[in-house]
Amino acid sequence: MKPTSHAFKSNAKEALGNEPLRRALGGIKRGFVANRARARANLPEFEDLRDEAKAVKEHTLAHLDLYLEAYEKKVVETGGHVHWASSADDARAAILKICRDAGAKTVTKGKSMVGEEIAINEHLEQAGITPVETDLGEYLIQLRHEPPSHIIAPAIHLTKDQVEADFRKTHTELSPERVLEEPEQLVSEARAILREKFLAADVGITGANLLIAETGTSVIVTNEGNGDLTQCLPRIHIVITSIEKVVPTLEDADTILRVLARSATGQEFSTYTTFTTGPKREGDLDGPDEYHVVLLDNGRSEMLGGEFHDMLRCIRCGACMNHCPVYGAVGGHAYGWVYPGPMGAVLTPTLIGVGEAGHLPNASTFCGRCESVCPMRIPLPKMMRHWREREYENGDTPALYKAGLKLWAFAAKRPALYHRLTGLVSPLLSRFGRKGRFASMPLAGGWTDHRDLPAPQGKTFQQRWRERETRR
Amino acid sequence: MSGANARERLLGAVRKSLGVTGDDAARTAAVAERLKARAPNLIPAMAKVSGAKAIKLFTEKLKGQGASVSRITKPDEIPEQLAAYLRDNNLPAEFRTGSDALLAEIPWDTAASLTRHTGAGHGGDAVTLSRAETAAAETGTLFLTSGPENPTTLNFLPDTHIVVIRAEDIHGSYEDAWNVLRKTHEKQGFPRTINLVSGPSRTADIEQIIVMGAHGPRRLHVIIAG
Amino acid sequence: MAKTTESSTRPRVGLFVTCLVDLIRPSVGFAAVKLLEDAGCDVAVPAAQTCCGQPAYNSGDKADARALALNTIAAFEGFDYVVAPSGSCAGMLKHHYPELLGDDPQSAEQARAFSERVFELISFLVDVRGFDRVEADFQSTVTYHDSCAGLRELGVKQQPRKLLASVNGLTLTEMEEAEICCGFGGTFCIKYPDVSNAIVEKKTANIAASDPDCLLAGDLGCLMNMAGKMSREGRAIEARHVAEVLAGMTDEPAIGQSIEDKK
């Protein structure tokens with residue numbers, strides 16, 4: 001998909017005027033946020049588990065090459081294939097080749113953020129292969145040709161009325177008289193439609209929440225069971241995943257799984273967590289004949305050991321966006337690409353360039369709530385600041401803003417001059433702001449368009465303090 | 001690009017950023033040691049239970065997640081239990097199951113009204129019966145392993161999924177469950193698919209309202225035997 | 001207040017005024033001085049201080065941010081403690097200076113040593129000086145907003161509530177989502193005015209729903225944002241820095257109000 005991250009401001013403005021969206025976003029507080037708080041309260045070791053989960057990933061990242069090799073060895077031993085993909089192009093080519101070799105016509109898909117990242121659906125369609133998203137949320141947005149607006153709840157922006165309209169438009173084989181008022185009826189219809197797709201698909205593509213080096217296993221976490229039907233029914237199962245998903249052992253996976261669902265939906269554990277190792281075995285009555293893993297890099301190896309290294313710990317739980325005041329105001333589409341919210345503000349510039357995505361790390365109040373809930377303790381504000389530093393160094397900071405900043409810094413670095421200036425400005429502004437506030441002010445429209453600007457009390461503190469000291 | 005080249009290119013990029021080579025003895029040893037040790041990390045206190053306490057926690061957690069649970073004293077009572085459950089829920093007295101030894105040995109003729117099909121799951125199955133090898137009480141999680149005995153499709157295709165687990169197979173933590181599976185599958189290798197199931201299928205993708213039975217079973221009923 | 005003769009045993013506190021208090025609301029600075037003196041400290045205000053450098057730091061201008069950090073550290077040499085009536089500025093001094101100056105070993109050590117002496121005002125009073133009550137009157141129902149940096153970088157949460165509980169006539173009514181950002185975010189509110197406005201609208205709605213006479217917080221930036229929004233919305237809720245109330249210095253008109261409003 002073509003990113004619109006550069007248009008964050010206008011995207012945000014549009015989102016702010018979208019009432020159904022704002023209602024939907026309001027629901028996050030009662031749902032994900034409240035549930036996470038409860039799950040955390042019910043597990044006394046939660047904070048320690050966050051430290052342990054972080055340590056697991058840090059150990060793995062420091063030995064990433066070796067764990068990837070160990071993982072590959074086990075996948076091959078158990079009859080699977082590993083495809084190494086340095087770029088999105090490499091990954092798409094590998095997937096397409098597997099599908100073509102199998103003569104695939106339709107592909108069912110479990111939810112995969114890596115799949116979104118490499119826009120695999122568009123690519124398959126262009127090759128004449130029909131991809132069918134089977135996660136309900138992903139299916140809903142596929143019908144609308146939209147990107148996800150949340151990494152674990154891709155259709156969180158939609159209302160049931162919109163879903164009903166889309167179903168009536170798409171499922172034309174069904175009776176127009178049918179009742180589709182309640183979520184149960186909509187879910188039931190999607191279940192029936194997608195059940196046929198599951199049974200007919202030639203290839204099933206899933207993502208992976210984790211890869212386990214010890215056993216060569218890929219792990220998916222779902223509540224619907226769609227990922228499982230995607231991978232156990234077709235002849236071929238392709239896992240599209242990225243290199244930072246690997247952990248050493250089953251025990252290490254346990255640690256991450258203990259914080260994943262609790263941080264994401266606030267469940268203690270997701271309904272289905274599936275550990276998959278290789279294709280169908282001798283005597284098995286079901287399961288795929290072929291098991292392929294496409295391991296994507298796409299800029300991740302460059303993040304290792306650098307300013308954005310910590311981001312590689314991300315387990316895509318979505319807690320950062322659930323708790324972000326900016327995401328809560330504008331939703332995911334305003335961010336203009338695949339990964340929204342704080343994690344997207346850090347990751348998107350690495351994947352599509354800071355030129356396109358420069359707004360994202362700037363559109364944060366640095367309130368720190370994302371970092372405070374991140375199960376992997378990723379310092380998200382710090383990394384957004386790193387992007388701002390790069391933009392500043394590259395000369396991408398808006399000129400007027402930079403000029404103002406420079407002027408201010410020039411004075412602030414010279415205390416005597418600074419206090420002379422502020423000693424003039426404060427009393428002057430105070431005289432104009434007799435009412436105690438300004439309803440408008442030149443150059444401060446960003447502030448005064450929406451709120452009054454409190455006026456200074458008069459002389460500065462420093463002036464008054466020196467006067468007081470002189471009197472004593 | 002050929003497979004070997006692609007592999008070397010990707011691993012080379014990783015090594016370059018890490019500032020390492022692939023043959024550093026200390027790093028290789030650290031990885032080998034960790035993979036061999038399979039040491040548990042922090043296990044929450046609530047997961048450190050066994051016996052009756054584990055069964056109690058397991059039952060509470062599963063019920064909290066929308067499953068129903070019943071207890072019988074021995075596997076022989078399964079047909080009767082199953083028939084009663086199906087009757088109580090207005091379900092057909094018909095189900096599909098694999099060739100699991102525990103389930104195969106049951107005197108099915110004691111519940112003559114039940115029709116038993118065997119094999120992998122079909123799209124049209126209303127009810128299936130599986131056996132879980134083990135379970136972790138900490139989150140009410142069944143560990144269902146794939147194989148001819150318990151085809152994976154049985155876990156996902158039906159409307160109603162019924163799972164039997166022996167009481168002695170219910171442990172406290174995920175780590176306990178892995179240790180059981182590692183031991184049981186030492187010879188034939190780690191199972192192809194292990195489904196950790198903690199309740200019936202659900203979705204909240206429409207207006208964040210939870211609806212059961214998204215794609216997998218709408219109902220999960222667990223029978224604890226023993 | 002008479003100067004004590006036991007000053008040698010009294011800790012010497014350098015007040016980091018913060019640029020907003022200096023420019024907009026000096027009364028907060030005087031309230032801080034009173035509270036610190038009541039807590040047995042000798043207070044001085046170095047003239048060489050200006051701004052903590054946060055606007056530069058958060059805009060990616062590391063060079064200017066470093067220069068300002070070194071300036072601040074030099075200005076406060078020799079004090080036992082450096083105290084700021086702001087969680088945001090104190091967080092910058094305490095946590096971000098070591099990060100910012102970490103590249104050069106000498107500055108890193110300076111920043112580390114400096115960092116240990118830095119505190120936010122209210123947490124300093126309670127956690128360091130063992131303050132558990134104040135002598136003050138404020139006949140008002142108040143609600144308290146937890147400013148982000150104070151809360152999440154410095155753990156300021158119970159300390160202001162503890163001291164507010166000892167104010168005569170004051171009733172605290174907690175709002176929903178007291179810990180959620182007000183949308184100020186320093187330069188954020190100028191760069192993304194529409195988004196900032198959407199966030200502060202939610203905040204003022206939560207404030208109003210708790211039905212207070214007065215909003216309190218520990219950061220003037222956040223207070224100006226919320227006070228400015230409430231006055232634009234025509235809400236009759238005043239806003240004050242928590243130090244003003246704890247020091248019993250509430251004669252000045254509230255933030256964004258005039259003497260006429262106060263009457």
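At what angle do the axes of helix α8 (residues 136-144) of chain A and helix α9 (residues 160-170) of chain A cross? In this predicted model, the two axes come within 10 Å and cross at roughly 65°. Here the axes are lines fitted to C-alpha atoms, for helices over the stretch in contact, with angles running from 0 to 180 degrees between N-to-C directions. Helices (H or I, at least four residues) and strands (E, at least two) are DSSP runs, numbered from the N terminus. The crossing of α8(A) and α9(A) is left-handed, a term used if the near helix is turned anticlockwise from the far one by less than a right angle, whereas clockwise is right-handed. On the α8(A) side, Leu140(A), Leu143(A) and Arg144(A) make the contact, and they meet Val163(A), Asp166(A) and Thr170(A) of α9(A). Residues are in contact if their C-beta atoms, placed from the backbone, lie within 7 Å. By class, three of these residues are nonpolar, one is polar and two are charged. In this scheme Ala, Val, Leu, Ile, Met, Phe, Trp, Tyr, Cys and Pro are nonpolar, Asp, Glu, Lys and Arg are charged, and the others, Gly among them, are polar.

Residues are numbered from 1 along each chain as its sequence is written, while chains are lettered from A and ligands numbered from 1 in the order in which they are written. As the model is predicted, local features need pLDDT of at least 70 and side-chain atom pairs count only at pLDDT 80 or more, while totals for chains, interfaces and linings use all residues.

Chain C meets chain A through 60 residues of chain C and 53 residues of chain A. Helices that each supply at least two residues of the chain C side include α2 (26-38), α4 (62-75) and α11 (193-209). The chain C side holds 30 nonpolar, 17 polar and 13 charged residues. No contact joins chain B and chain C, and their closest C-alpha atoms lie 20 Å apart.

Domain bounds come from an automatic or database domain assignment. For chain A, the assignment gives domain 1 (43-301) and domain 2 (403-471), with C-alpha centres 55 Å apart. Chain C is divided into domain 1 (10-126) and domain 2 (132-262), and 22 Å separate their centres, taken over C-alpha atoms. In chain C, 30 residues of domain 1 are in contact with 26 residues of domain 2. The largest share of the domain 1 side, seven residues, comes from α2(C).

As for confidence, the predictor gives the complex an ipTM of 0.97 and a pTM of 0.96. Chain C averages a pLDDT (the predictor's confidence in each residue, from 0 to 100) of 95, and 96% of the residues score at least 70. Over residues 1-7 of chain C, pLDDT stays under 50.

Terms used: Two residues are in contact if their C-beta atoms, placed from the backbone, lie within 7 Å.
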